[in-house]
Amino acid sequence: MALWKPDPSFYASPRDAAGAPPERLAYVAAFDRAAERPDAIAVVDTDPGSADFGRVVGWTELPHIGDELHHFGWNACSSALCPAAPHPHVERRYLIVPGLRSSRVYVLDTKAGPRQPVITKVLQPDELAGRAGYSRPHTVHCGPDGIYLSALGGADGAEGPGGIAVLDHTTFDVRGAWESDRGPQFLAYDFWWHLNQDVLVTSEWGTPSMIEDGIVPELLLGRKYGHALHFWDLRRRKHVQRVDLGDQYQMPLELRPAHDPTKQHGFVGVVISVEDLSASVWVWHPAGSGDGWAVTKVIDIPAEPADPALLPDALKPFGAVPPLVTDIDLSVDDRWLYVSCWGTGELRRYDVSDPFHPVEAGAVQLGGIVRRAPHPSFPDERLAGGPQMVEVSRDGRRVYVTNSLYGAWDDQFYPDGVGAWQALLHAGDALTLDERFFPHGEDFRGRRVHQTRLQGGDASSDSYCFP
């Protein structure tokens, strides 16, 4: 439904967004690893003045089993205020929720009852395959001209290429594949853009068979997972440049461009180096020659030595715990970069005011393959998993983390069970855990939890066209 005035949760600039009212609810993807019960969107109360603060207050079960909810996003956001946006009066109303294993896409309406979203449409796998040629939908971003949805696999059982489908803002029908000329790109994962410069960036993970049953050691050591970024002409939908990080740097995943639309840099986290099990963060930027793009490593996080007896089978030969950087998030003011070290059980914060010289500025430990650091509200409970998906509030004061990566990968690295938990950190001069906020275990009805989306938007949901 069109509005006479733009949605009040849309902001012309990141500065305006940072001054927005705090979120009152968080939407969390909850999935059943055994595929015996439906996955769900859990709704958590984030209002510190509420009697239900930190509790699951809403629950929308999906009508099928085996979806494995992973990443999801809003149908519309602040990009609708860009000058060339053809839909300035859409609402931030619907959650677009893909099933990574099933290739279904659910549309959930949050307007009538924010605590109880209602399923209004289900796109079946054959619609995504038939119209766009893709399967295994992964990441959702709200663009000024449509809803963009990345996918890891091809249609009809094909391993690839993965790519990006576009959905209609209003009907949610699949318009088709976004790419008009994909060049050498085959592997897919995340994507983001610099709207004012007409640049889109994509990263690489692997094909469905490379990921769905866990990490494949032979492929990892053979350097077969993704290790490059791709740069595209956003308006013409054409591939422009491939930048290889080096095949020892396996799996460059999450992309976080600067929110300031006058800046032309962004960050990408790399899961692991096969040479020393370290993880890293890189910054992309215009090449010094002024022609094309370059990607520069700016953060190294080493592996931690460990007793092999305490390690899962996949790590015993190495006698070390890799950090496994599986998510990063950039605050709306572009100052703070949060880095999830899922293997060692740590959330790190870096001051990236100078993106080429990050300065570590705090860390919190939760879980970890060996460390099993507890939450302060349950000091006797050794946690499995670690900070994985991380989401930052628009004002930058609150950071939410959840602990599951992907079902089969959870089982490899935490074979005694990963559990389910969500934590809240307050970001000031130091990072501190909120002892009142720790929904976990049966609060999520036996499901594991992955991505969090905040009511009204968050640091990784919106893009802006004005500084």
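**Reading the disulfides**

Student: Which cysteine does a disulfide join to C82, and what is the S to S distance?

Tutor: In general, a disulfide is a pair of cysteine sulfur atoms within 2.5 Å. Here a disulfide joins C82 to C465, with an S to S distance of 2.0 Å. The torsion about the S-S bond of C82 and C465 is about 85 degrees, so this disulfide is right-handed. C82 lies in the loop between β4 and β5, while C465 lies in the segment after β30 (448-454), so the pair ties together parts that are 383 residues apart in sequence. Strands such as these are DSSP runs (E, at least two residues), numbered from the N terminus.

Student: What kind of model is this, and how are the residues numbered?

Tutor: This is a predicted model, in which local features need pLDDT of at least 70 and side-chain atom pairs count only at pLDDT 80 or more, whereas totals for chains, interfaces and linings use all residues. Residues are numbered from 1 along each chain as its sequence is written, and side-chain values use heavy atoms, with hydrogens and water left out.

Student: How many disulfides does a search of the whole structure find?

Tutor: The search finds 2. One of them joins C77 to C142, at 2.3 Å from S to S, and with 115 degrees about the S-S bond this link is right-handed. C77 sits in the loop between β4 (73-74) and β5 (94-98) and C142 in strand β8 (residues 134-142), 65 residues apart. Counting bonded cysteines along the chain, the pattern is 1-3, 2-4.

Student: Are C82 and C465 buried or exposed?

Tutor: Buried means under 20% relative accessible area, exposed over 50%, and partly exposed in between (1.4 Å probe, protein chains only). C82 has 8% relative accessibility and therefore counts as buried, as does C465 at 10%.

How values were computed:
Helices (H or I, at least four residues) and strands (E, at least two) are DSSP runs, numbered from the N terminus.
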